[in-house]
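Hi there,

Here is the structure I promised to send over. Please have it open while you read, as my notes follow just below.

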Amino acid sequence: MSPPPLVETTRSAFWASDEAHYHGHRVFKELAGKESWTGMMGLSLFGRKIPPDICGVLDDAVGALTLADPRIWPLKLTRVVGSYGGLLPALFAGQLAEDGARIGPWACVEAAKALLLLHAEIDGQQDDAEHVSQVVAEYRRKHRFVWGFGTPYRGRDERVVAFRRSMEQRQRSELPYYRTMNAVARAMKEATGAEPNIGGVMASALLDMDLEPLEVGATVVAVIQHMFFSQALESTRAPNLTLRELPSEYVTYRGHEPRTSPRGRPL
Amino acid sequence: MTHPASGASGAILEGPLDAAPFPETLSAHVVTPGPRPRLHGYDVEADLACHYTPTDVLFLTLTGELPAPELSAALGIAFAFLAPVSVAHASVHAAVLARTCGTTSSSTIGVAAIALAEQARVLLDEHAAWLAWLAAPNDAFPALYRAADASDAAASARLREALAVVGFRAPWLSEKPTRSAALLGVLFTCGLTERASLEAAVVTARLPTAVAEAMAVKVADFNQYPTNLPRYSYQELP
């Protein structure tokens with residue numbers, strides 16, 4: 001006798017006889033040829049069709065976030081695994097290393113969580129500098145640091161400069177979370193000298209699109225994917241055999257001195 | 001039958017995957033489901049755990065049979081020889097990078113497993129002709145797999161010496177194969193003859209060292225990682 005069917009509800013997709021369905025839309029009738037790549041990604045990430053201005057912000061983000069130097073650690077990880085020649089293992093190992101990491105999309109998740117708390121406390125008074133400073137000071141007393149701030153190895157995050165320009169051009173700089181981010185940035189600058197990084201600014205822009213922190217992370221994973229493809233393809237087209245096994249002069253051993261196990265000692 | 005899918009209009013949706021005759025249950029071939037697991041038929045808790053080494057259990061898992069008593073020690077030696085992979089190797093380097101990024105320990109382990117599987121794939125690719133020869137050793141010993149440099153020859157000799165102590169005998173050992181060829185040869189001779197089983201054995205042997213090397217690094221300590229190793233020379237398209 002067959003067990004009763006197990007049922008899991010999905011709002012994502014279904015392959016029906018007439019055609020494929022995706023997030024409430026008929027793929028061939030409503031989406032194919034009508035939605036752009038960004039539009040399809042938006043539908044996948046937001047669970048709903050996104051309007052052209054949101055598509056535009058995501059397109060701008062892809063450009064502004066393109067800091068693809070192969071020494072950037074998750075990208076380097078992709079190249080290191082790519083030295084074995086496998087494209088997808090390289091591609092996804094690099095992205096897996098972003099899970100919960102201190103840099104990349106999960107820094108945006110944490111920045112989004114911080115911003116949600118700060119936004120609630122600021123309570124619409126973004127222009128009241130004293131109030132914002134008090135909220136930020138209280139937050140800093142309770143938390144180790146404020147995610148979304150700090151730009152290692154340089155004075156300011158050049159991606160923030162580029163992305164802010166596009167947000168202003170798209171008239172999204174007066175939206176609530178973006179305003180909160182700017183207000184917090186002013187208070188942080190005064191209190192600590194720290195500048196906002198792209199994680200914080202992206203988080204505010206995405207919160208203004210009604211995304212939850214986890215969706216913020218997923219969206220940032222999506223908009224930085226191109227850099228992983230670039231590194232994975234280059235590193236697997238011509239695998240670097242030196243990276244596959246570094247010559248010994250590039251490794252310094254800092255572990256235990258040589259020793260003999262109890263069972264290995266002469267009786 | 002229940003049809004859980006419905007379209008926007010409320011109409012029931014059915015598609016090619018609903019009509020196809022798929023089985024209704026997953027098949028278990030290795031481990032019995034439930035609170036008293038058996039592994040390939042053996043009671044894990046009352047039998048295997050009490051009477052066999054972890055290496056024996058791994059061998060059983062991958063092949064379906066326990067190793068012959070005279071091969072058990074040889075397998076243990078092969079696994080110990082396989083285990084150390086230094087951070088000079090991309091597999092371990094990748095795990096260290098994952099930790100440096102500050103990812104979770106589970107994702108660090110995941111990265112290590114991916115990278116070690118890639119390393120094992122390459123190792124097996126490089127030894128495809130060797131494994132083919134082991135399966136049908138009709139021709140002369142393939143010279144490509146004879147230890148050429150002194151360091152590799154010495155490592156291979158240490159392996160032969162350790163294997164001799166436990167009574168492991170294989171005629172090809174006298175041909176002085178490379179360390180890697182000898183290790184794969186031991187696993188193959190013991191019964192790990194399938195490519196997937198060999199890759200799994202190599203990854204399993206090495207995973208602890210890769211994870212341990214990663215865990216020795218402070219989370220997100222970017223300043224202690226040699227970011228400029230190697231240096232990248234950027235060249236724009238003409």
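How many salt bridges does the structure hold over all chains? The structure holds 22 of them, where a salt bridge is a side-chain nitrogen of Lys or Arg within 4 Å of a carboxyl oxygen of Asp or Glu.

Before the details, a word on the basis. This is a predicted model, with local features needing pLDDT of at least 70 and side-chain atom pairs counting only at pLDDT 80 or more, while totals for chains, interfaces and linings use all residues. Residues are numbered from 1 along each chain as its sequence is written, chains are lettered from A and ligands numbered from 1 in the order in which they are written, and side-chain values use heavy atoms, without hydrogens and water.

Now for some of those salt bridges. In chain B, the side chains of B:Arg121 and B:Asp125 pair up at 3.5 Å, N to O. These residues are 4 apart in helix α6 (residues 105–126) of chain B, so about one helical turn separates them (helices are DSSP runs of H or I, at least four residues, numbered from the N terminus). Both belong to a salt-bridge network that also links B:Glu118, B:Arg195 and B:Glu199.

B:Asp43 and B:Arg36 also form a salt bridge, at 2.8 Å, N to O. B:Asp43 is buried at 9% relative accessibility, whereas B:Arg36 is partly exposed at 48% (buried means under 20% relative accessible area, exposed over 50%, partly exposed in between, with a 1.4 Å probe and protein chains only).

A:Arg172 is buried, with a relative accessible area of 8%. Its contacts (heavy atoms within 4.5 Å) include A:Asp53, A:Tyr178 and A:Asp208, not counting residues up to four places away in sequence.

How are helices α2 and α3 of chain A packed, at what angle and how far apart are their axes? The angle between α2 (residues 37–46) and α3 (residues 52–64) is about 100 degrees, and their axes are 10 Å apart. The two helices are therefore roughly perpendicular, a term for angles of 65 to 115 degrees. Where they meet, A:Phe46 is one of the α2(A) residues and A:Leu58 one of the α3(A) residues.

Best wishes

Key:
Axes fitted to C-alpha atoms, helices over the stretch in contact; angles between N-to-C directions. Parallel < 35°, antiparallel > 145°, perpendicular 65-115°, else oblique.
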